[in-house]
Structure formats: structure tokens, C-alpha cells
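The sequence and structure come first.

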Amino acid sequence: MTTLRAKLAMLVAIVIIAMVSIITGVLIYLLRPPNERQAIGPMAEQVQLLVGIARAAPALVPIQQKPAEGEVETEVTSWLRETLKARGVPRDVLVSRNLRDLPMLSIPLDQGWLVTQLTDLPPPGGVFNIVLMWLALIALGAIAIALFFAHRMVKPLVLLERAIESVGPDALLPELAIKGPAEVRVAAKALNSLSSRLKEAMESRMRLVAAAGHDLRTPITRMRLRAEFVEDDDDRAMWLKDIDELARIADSAILLVREEAGKSAPESLRLDTLISELADELRALSYDVTLTGTAEAIVRANRTSLNRAFRNLIINAATHGKRARIAVESTPSEARVVIEDDGPGIPQDLLGQVFEPFFRAHPARTKNIDGAGLGLTIAYEIVQRTGGTITIENGPLSGLLQIVKLPVYQKR
């Protein structure tokens with residue numbers, strides 16, 4: 001009932017049912033349909049007429065040995081007997097309804113029972129039962145019509161909803177087919193135009209970042225050459241360290257653009273094998289990395305990009321958190337990689353900023369440790385494009401938990 005389609009359908013149905021109910025009520029009030037009591041007079045005249053025919057020409061009326069079967073209408077029977085008695089022709093007549101709910105009149109005669117169907121008796125419950133059935137039929141029809149027109153009215157909004165739901169990991173809208181009613185075509189054209197402009201803006205931003213990172217290399221090289229001529233050894237070392245950090249930032253910016261614009265085809269790969277090989281490689285580089293648990297999991301991703309993402313996450317834990325403990329878990333629908341460290345963690349109010357470029361949190365992320373501040377950003381971009389998620393939270397006692405969830409590849 002919270003959707004616009006349901007609200008519109010309910011509104012249209014209520015309006016139709018209300019109007020029909022009001023008009024029906026007015027007609028009933030003006031026309032005043034007969035009730036059972038009003039039908040007693042014509043029924044008494046019918047009894048007198050049939051009794052007269054039976055006396056004059058017995059062969060013209062059907063005679064049977066017992067009254068009509070069915071449930072006796074006690075109240076109507078009593079009214080009819082009283083009316084006949086008042087007219088001076090008392091008869092122990094019976095009014096009943098057979099299995100098909102038809103009103104039957106049974107008149108006792110000397111030779112048996114005269115049984116005939118009544119035409120003047122209203123249906124059981126009077127006219128109101130018929131009115132209720134009529135309104136129920138109107139309600140069903142009104143709801144069906146309301147649902148149809150509500151669906152047509154909100155179709156452009158449904159198109160927008162589906163387009164938003166189909167946004168891929170690259171945050172771009174898919175190309176929509178321009179067909180259907182005029183409103184739907186207009187909405188599709190607007191969405192396609194929006195997607196095109198958004199794509200151009202993102203590509204322009206990426207080109208700007210890449211160009212800035214590339215253009216920084218030349219002045220950084222000149223600065224490095226000039227720093228070599230600084231006579232004081234300590235000053236020269238500090239200059240070279242700052243220049244190296246600038247170079248890492250420029251290279252990381254270019255790498256971030258390459259990762260976001262990368263169009264490499266994904267492949268099926270064993271996530272547990274990739275993590276195990278990466279842990280061995282980083283241990284050989286003197287990082288404190290331990291694989292605490294593993295489970296077989298197959299995911300679909302670009303091997304180089306996914307390897308880079310986990311490399312950044314593990315190095316982040318081993319560098320800023322002293323050591324990295326990795327566990328690979330698997331369920332029928334998703335694979336989880338949990339990376340735990342022993343660092344001081346991150347203040348709770350800063351956890352939402354960890355994936356922003358160049359983010360550092362004191363004291364867990366200090367500038368005494370080499371790094372451009374783009375490792376988590378690049379990892380986040382890669383995992384998002386793979387269809388997964390990354391969450392970072394403080395451990396129960398200390399350190400950080402980096403949790404990566406990826407959809408398990410299922411062959412069709």
C-alpha cells in the first residue's frame with residue numbers, strides 16, 4: 001500500500017465504488033422496491049384465483065399428494081394465512097423455497113396439493129442482498145480498472161526505478177530502449193541523456209587527474225636532481241624523502257584512474273588460491289602476514305585488479321596494524337575475506353572516511369609510514385566494480401577488521 005501504483009489504484013477504486021454506491025442508494029430511496037410484506041396482497045389474490053380454477057376446471061392445474069419440498073418461509077406463510085383469513089377464504093397454505101432457492105406456493109385442496117412457483121416474492125433478505133452483490137461486482141471491476149490505469153500512469157516512474165536499480169558498479173545508467181507511450185519515451189530519452197552527460201563528466205575528471213599526475217613527474221624529476229646537490233646530508237635526505245612521497249602520490253593517482261577506467265574482461269578464479277599466493281609473496285617481502293583459515297571459493301573478477309586490491313588491504317594491515325591475519329570463508333552465495341591487524345584502530349567518528357583519497361587517522365595512520373594514501377581508495381574501487389563490498393570496523397579488543405565480501409560465481 002506504500003507504492004504510488006497501489007495508492008492511485010485504491011483512490012480510483014474508492015471513487016468509483018463511492019459514486020456507484022451513492023447513486024444506487026438514491027435510486028433505492030426513490031423507487032422503493034417492494035418487500036416481502038408488500039407482496040402478500042398479490043400472493044393472496046393468486047391463491048384465490050388458483051383455488052377458483054381448481055374448482056372450475058381441475059384438469060388445468062397440477063395436483064400432487066404432498067406440498068413442495070424445501071425450507072418453509074414461516075413468517076411469509078403466517079402473513080399469507082392471515083391475509084386469506086381476513087378475506088374470508090382461510091387456507092393452510094405453505095410458502096417454501098426449494099433447493100434452487102425458488103419460492104414455491106403449496107395450496108391444500110380436497111384432492112391434494114396445488115403447487116406453483118411464486119413470482120411476486122422478493123429474494124431472501126430482500127433487495128439489499130442483491131444490492132450488496134451488485135456493489136461487490138462493481139468493486140471487483142473497479143479495482144481491476146484502477147490497477148490497469150494506475151499501472152499505465154506510473155509506468156514512467158517504474159522505468160526510472162528499474163533504471164536506477166540497474167546501475168552497475170561503474171555508477172553509470174544502462175542505455176534504455178526508447179519505446180512505449182509518449183511519457184515513457186520522454187523519460188527514457190532524459191535518462192539516456194543524463195547517463196551520457198554523467199559518463200562524459202566522469203571521464204573528464206579522470207583525464208584531469210591522470211594529466212595532473214603525469215605532469216607532476218617532470219617537476220618532481222627536476223626537484224630530485226636539484227636535491228642531489230644539497231650539501232647537508234640530513235637536508236638532502238629530507239628533501240629526497242618528500243620528493244619520493246610526491247612521486248608516490250602522482251603514481252597512485254595515475255593508478256587510480258587506470259583502475260577506474262579499466263575494461264579488462266573478468267575471469268573465474270579461486271579466491272583462496274589468490275589470497276594464499278599473495279600471502280606467501282608478501283611474507284617474502286618481510287611483511288608479517290599469516291593465513292589463519294581458508295575455504296574454497298570461486299569468484300569472477302579481473303585477476304590483476306583483484307590481486308592489487310587485496311595487496312593494498314593486506315599491506316595496510318601489516319604496515320599500520322603491525323601484522324595481518326587473513327581468513328577466507330565461503331557460503332553458497334558469497335565469499336568473505338577477513339583481514340585482522342593489531343594496530344590501535346581508527347576513531348569511530350572517522351571510520352566513514354577511510355576510503356576517501358589521502359585519508360590518514362592519527363595515530364593509526366601517521367606520515368612516518370610510507371604511502372600515498374590511495375591504497376584503500378583503489379581497493380574500494382576494484383571491489384565495487386567486481387560486485388562486492390568492503391567494510392572496515394574496529395576489532396572487539398584492538399586493531400581493525402577489513403571485511404571483503406564477493407559474490408560466489410555459479411556456473412549456469
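## Terms and basis

Two strands pair if DSSP finds at least two bridges between them. Helices (H or I, at least four residues) and strands (E, at least two) are DSSP runs, numbered from the N terminus.

This is a predicted model, in which local features need pLDDT of at least 70, side-chain atom pairs count only at pLDDT 80 or more, and totals for chains, interfaces and linings use all residues. Residues are numbered from 1 along each chain as its sequence is written, and side-chain values use heavy atoms, without hydrogens and water.

## Strand β3 and its partners

Strand β2 (residues 71–72) pairs with β3 in the antiparallel sense, over 2 bridges. Glu71 has Arg97 in β3 as its bridge partner. On β4, the pairing with β3 is antiparallel over 4 bridges. Ser96 stands opposite Met104 in β4.

## Helix α2

The buried residues of α2 are Ile40, Met43, Ala44, Gln46, Val47, Leu50, Val51 and Ala54. Seen down the helix axis, they fall within an arc of 160 degrees (taken from the directions from the axis to the C-beta atoms), so they line one face of α2. The face turned away from this buried side carries exposed Leu49 and Ala56.

The buried residues of α2 pack (heavy atoms within 4.5 Å) against α3 (74–86), β3 (94–97), β4 (103–109) and β5 (112–117).

Key
Buried means under 20% relative accessible area, exposed over 50%, partly exposed in between (1.4 Å probe, protein chains only).
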